[in-house]
Amino acid sequence: MEAGILALLCLAVLSILVCTGWLPGLEQELSLGKRDLFIFLALSFWFAIRLPLSMDPDLFIHPGIFSLFLLFFILLKQISPNRLLSLVSFSICTSSILFIWHEMFRMSGDWSDSLFRTVTSTVIPLGALAVSNVLGEKMFYLAFTFLSLHLIVLYFHREALSPVVIGEEAFLDAFWLALTIFVLLLEPIPSLVRWIREGGFPGIRKR
């Protein structure tokens, strides 16, 4: 699959979940309406389909990275300064461990390695579920871990990359896949399991 397509598919899935009312807890805990969430996802989709912006012949910034900054702006209003320091520490610790693993296996510095993307998109959402009981803090941990890992990889591989692209499409694929997995584990999948156990699926009896 071409880089960038997965991010768009994940954004489409999240938009459908929001519009069909599968994420009421997300709306409530983030103090955002369905319309606000949809606008954020629509803006993220628009950012994701744009071409990288040239800051320098050797440095480009993909507009898709602005979605993370917008997400930070939304979440920071709900996190106390003391808790923020703890979350940043947890995020940097996680990203450092993943970077060490990345270097041990001599993976590419441009997120093109499918194993690296798969592991990060699985491990980081699971870490986010365990790091806090507050939804906003979980999402901040997930987003900041991805961003810090991305910047660490870029910094140590900057000489091998030409040009350096901050927020490259393969990175956005991994981030949006991780956020989609996180959201699915948070509400839709548990709700679907409860529905099946209550007899909503033919052949399944209520226990």
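A residue is called buried under 20% relative accessible area, exposed over 50% and partly exposed in between, with a 1.4 Å probe and protein chains only. This is a predicted model, in which local features need pLDDT of at least 70 and side-chain atom pairs count only at pLDDT 80 or more, while totals for chains, interfaces and linings use all residues. Residues are numbered from 1 along each chain as its sequence is written, and side-chain values use heavy atoms, with hydrogens and water left out.

**Stop 1**

Select Arg 106. Arg 106 is exposed, its relative accessible area being 77%. It belongs to the loop between α5 (81–104) and α6 (114–131); helices (H or I, at least four residues) and strands (E, at least two) are DSSP runs, numbered from the N terminus. Phi of Arg 106 is near 50 degrees, a positive value in a residue other than glycine. Most residues other than glycine have a negative phi, and most peptide bonds are trans.

Next, select Ser 31, in the loop between α2 (24–29) and α3 (34–48). Its phi is also positive, near 55 degrees. Ser 31 counts as exposed because its relative accessibility is 63%.

**Stop 2**

Select residues 53–56, 59–61 and 164–166, which are β1, β2 and β3. These three strands make an open sheet in the order β1-β2-β3, with mixed pairing; two strands pair if DSSP finds at least two bridges between them. β1 and β3 are the edge strands, each pairing on one side only. From one strand to the next the twist averages 30 degrees, where axes are lines fitted to C-alpha atoms, for helices over the stretch in contact, and angles run from 0 to 180 degrees between N-to-C directions.

Now keep β1 and β2 on screen. They run antiparallel and are joined by three bridges, and they form a hairpin with two residues between them. Asp 56 has Leu 59 in β2 as its bridge partner, and Ser 54 stands opposite Phe 60 in β2.

**Stop 3: a cis peptide bond**

Select Ser 162 and Pro 163. The peptide bond that joins them is cis, with omega about 0 degrees. Pro 163 is in the loop between α7 (135–156) and β3.

**Stop 4**

Select α7. Its end C-alpha atoms are 32 Å apart, which agrees with the 32 Å that its 22 residues should span at 1.5 Å a residue; the expected span of a helix is 1.5 Å times one less than its number of residues. Of those 22 residues, 17 are buried, so α7 is largely enclosed by the rest of the structure.

Then select α8, residues 169–186. This helix of 18 residues reaches 25 Å from its first C-alpha to its last, close to the 26 Å expected. Its buried residues include Phe 171, Asp 173, Phe 175, Trp 176, Thr 180 and Phe 182.

**Stop 5: aromatic rings**

Which residues do ring pairs link into a cluster? Select Phe 40, Trp 101, Phe 105, Trp 111, Phe 116, Phe 146, Phe 171, Phe 175 and Trp 176. Rings of Phe, Tyr and Trp (its six-membered ring) pair if their centres lie within 6.5 Å; planes under 30 degrees apart count as stacked, over 60 as edge-to-face and the rest as tilted. The whole structure has 16 aromatic pairs.

Trp 111 counts as buried because its relative accessibility is 1%. Ala 3 is 108 residues away from Trp 111 in sequence, yet their C-alpha atoms are 9.9 Å apart.

Move to Arg 158 and Tyr 155. The charged end of Arg 158 sits over the Tyr 155 ring, 4.3 Å from its centre; the test is that NZ of Lys or CZ of Arg is within 6 Å of the ring centre and within 35 degrees of the ring normal.

**Stop 6: cysteines**

How many disulfides does the structure hold? There are zero, a disulfide being a pair of cysteine sulfur atoms within 2.5 Å. Cys 10 is buried, at 5% relative accessibility, whereas Cys 93 is partly exposed, at 43%.
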